[in-house]
Amino acid sequence: MNIRDIEDACIVDIARNALSQKDVCRIKTLYKKRSHNVRMGLDMRGVRCFDSDFYSFMKDSALKSKLSLFNLENELFLQLFVSGSDSLVNLYLNENDFLRDKRLIVNRRFRLLKTA
């Protein structure tokens, strides 16, 4: 795991295919130290899966200030959408969008209305 500080943002590059419990613990402590004054983003390039520890961390971080994820694989994006966890984090396409805080991926849940 590589940690980079760029202006008012902290970027954590995940170097593995999966987030281990140890990785989640490191990210939690880093988040607690830095979340009050910087935006924190996780570069999920190459990450293929994450477990319930990461989901609980996303829930906890949503109460304080939202965690940001970018470079997400389509399967993980779909997993977040289906589980309803996509509203717990800010999703960006790439690192530039995160750093500029532009083009946030917003999921709107539409319903089909019955016509009279």
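I started at Phe-98, which counts as buried at 0% relative accessibility (buried is under 20% relative accessible area, exposed over 50%, partly exposed in between, with a 1.4 Å probe and protein chains only). The model is predicted: local features need pLDDT of at least 70, side-chain atom pairs pLDDT 80 or more, while totals for chains, interfaces and linings use all residues. Residues are numbered from 1 along each chain as its sequence is written, and side-chain values use heavy atoms, with hydrogens and water left out.

Next I looked for what sits over the ring of Phe-98, and found Arg-39 over its face, 4.3 Å from the ring centre (the cut-offs are NZ of Lys or CZ of Arg within 6 Å of the centre and within 35 degrees of the ring normal).

Then I searched the whole structure for aromatic pairs and got 6 (rings of Phe, Tyr and Trp, the last by its six-membered ring, with centres within 6.5 Å; planes under 30 degrees apart are stacked, over 60 edge-to-face, the rest tilted). Phe-50 and Tyr-55 are edge-to-face, because their planes meet at 70 degrees, with centres 5.4 Å apart. I checked burial too: Phe-50 has a relative accessible area of 8% and Tyr-55 one of 16%, so both are buried. Phe-70 and Phe-98 are stacked, 5.5 Å centre to centre with 20 degrees between the planes. This pair joins strand S4 (residues 68-70) to helix H4 (residues 95-100), 28 residues apart (strands are DSSP runs of E, at least two residues; helices are runs of H or I, at least four; both are numbered from the N terminus).

Last, I noted a cluster: ring pairs link Tyr-31, Phe-50, Phe-54, Tyr-55 and Phe-57.
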